[in-house]
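Keep the sequence and the model open side by side as you read.

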Amino acid sequence: MIRFCAIIFILIGFSVYLKAQNHNLVLQFNPKFHQEIVQFDEEYYSITEKDSVQFDIFRCYISNIQLLKNGKSVYKEKDSYHLLSFGENPKNEIKIPIDIAFDQIEMQIGIDSLTNVSGAFGGALDPTNGMYWTWQNGYINFKLEGKSTLCNTRNHEFQYHIGGYQFPFSTIQTLKFHTSNPSISIDILLDKFMENLNLSTTNHIMSPSTNAVEIAKSFANSFILETNEK
Amino acid sequence: MRNSILLLLILSAFSFIIEEEELMQKPKNFPKPTYNFKKNPLKKETIELGRTLFYDPILSRNNTIACSNCHLQYTAFTHVDHALSHGIEDKIGIRNSPALMNLAWQNTFMWDGAINHLDMQSLAPISNPLEMDEKIENVVAKLQKDSKYRKLFYAAYQDSIVTGEHLLKSISQFMLTLVSANSKYDKMKRKELEFSDQEKNGYKLFKKHCNNCHTEPLFTNFQFENNGIGMDTSLKDFGRLRITLNPSDSLKFKVPTLRNIEFSSPYMHDGRFKRLNEVLKHYTTGIKSSKTLANKLKQPINLTPNEKVDLITFLLTLSDKEFLFNPKFGYPK
């Protein structure tokens, strides 16, 4: 009996060791502006020639990561909630220790409605992360803040806190990419995203609304597989 | 051997049930609670931590305002005397603080349902600039520095690291224990005593005119309704509309419980009425018509002066002194 247990323990230990060894699936997210990786807090960019844009804060939830092969789900990450954060102390990589063949990856931008109504969570979902609305409950799916000469606001600031999980203002978005490469680089084209926004009129969104839904859709369209990958 | 193990299992299951009942009353005349206790199982130490936090102004920016400032036990956990809540540096809020009780049966919180889960409730007053005006991150940092709290968090979670999740869930645990179910009404329902004729008549009138919104045994149906009090133009509060942005929700507010109503004056979301007879005057002759007025209130409610007295006599049977003076809910020793 004891010997049997010992063998089991060794096997478990070994498999844990193996798992820790292969960080097989790696997702990397790179915010870009005109092909350049965005430098936060310093660099100025321009959408048209006459303006300037600067980014201070950019954080975003990625959730429910799933792998598919021939259209069938082959892997779903458990408790799949990741908070990406750029700028100071960036966290722009998600590593999942699995080794499974796939030809498509799916994930969501934002937090699903069930999680939104299920109370307090820890880790990436802990409300101390500053990604939770306090006056009207719900996660902020993504946050982008900065300054632009296009904004006729105090200090030319813009703030997009995009969230909302309830019909008809649900903002969660699904991303699908066809790839079989376990090391995936995803570009977030902030230039494209900012071009679609009308910064002079829409520069301050802090609650669920039709506008927030439109912005969330446009945001999802700015996520693309890095081109030299395929 | 097998049998004794089985017996032990059964016994421990029983003791678990008994212990739960000790932590929080589960009244026989109530439906099942809707709160998901599996995600936040009640525990003596965690309730105690939550209670300590509820009574501690450390949750506010300048350490002056505790939850209990606006939610006082002797008035069924609402504010005394203030129509609108009174927060940090004497700032006046926009609404009357609701009485807190039987929260395990409630799914949306605030007058307009802005809060979707009890665990998330505390974030709202902590960060509201008119209430406690503090950031949850700072609260966590303050508690982490305090050796008393490190001990309390350790006792509750076997971990002295303070997290937002644990902070919120422990305050929930304390609030969940605030069960009021020992009023004269409850005792009548449980056949422990009988109503007087006057109370019986009041109960009959209540069931006819009020029960479809203030539904027994919790005395609310948890719906949002416009009860025709009309908008206070200095506050411009459209209620549920702010949350759903749907015009059909304009001027709708959550139907509040009427338990302990004797003690939770002033009444309504803006605290406009001080006495129950003013409330009855509203329901009989003061209903203001508008597009979203509840159907049930479109027909006038007629009550004779005697009937009004009887109805109020019934409302007073909803007072639960055991709840209001239970030392378990009071300031921690």
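## The second largest pocket

The second largest pocket has a volume of about 520 Å³. A pocket here is an open set of points on a 1 Å grid over the protein atoms alone, where a 1.4 Å probe fits, with protein on both sides within 12 Å along at least five of seven lines; lining residues have an atom within 4 Å of a point. Its lining holds 33 residues, with A:Val117, A:Tyr165, A:Gln166, B:Thr108 and B:Asn116 nearest the centre. Two or more lining residues come from each of β9 (138–148) of chain A, and α4 (118–121) and α11 (241–244) of chain B.

By type, the lining has 14 nonpolar, 16 polar and three charged residues. The pocket lies between domain 1 (28–179) and domain 2 (184–321) of chain B, because both give residues to its lining.

## How the model is read

This is a predicted model, in which local features need pLDDT of at least 70 and side-chain atom pairs count only at pLDDT 80 or more, while totals for chains, interfaces and linings use all residues. Residues are numbered from 1 along each chain as its sequence is written, chains are lettered from A and ligands numbered from 1 in the order in which they are written, and side-chain values use heavy atoms, leaving out hydrogens and water.

## Salt bridges

Over all chains, the structure holds 19 salt bridges (a side-chain nitrogen of Lys or Arg within 4 Å of a carboxyl oxygen of Asp or Glu). One of them pairs A:Glu226 with A:Lys32, whose closest N and O atoms are 3.5 Å apart. A:Glu226 lies in the segment after β14 (223–225) of chain A and A:Lys32 in strand β1 (residues 25–33) of chain A, so this pair ties together parts that are 194 residues apart in sequence.

## Backbone features of chain B

Most residues other than glycine have a negative phi, and most peptide bonds are trans. The bond from B:Glu216 to B:Pro217 is cis, with omega near -5°, and B:Pro217 sits in the loop between α10 (197–209) and β1 (224–225) of chain B. B:Ser265 and B:Pro266 are also joined by a cis peptide bond, with omega about 0°.

B:Asn102 is not a glycine, yet has a positive phi of about 50°.

Conventions. Grid points are joined across faces, edges and corners, and a volume is the space filled by probe spheres set on the points. Helices (H or I, at least four residues) and strands (E, at least two) are DSSP runs, numbered from the N terminus. Ala, Val, Leu, Ile, Met, Phe, Trp, Tyr, Cys and Pro count as nonpolar, Asp, Glu, Lys and Arg as charged, and the others, Gly among them, as polar. Domain bounds come from an automatic or database domain assignment.
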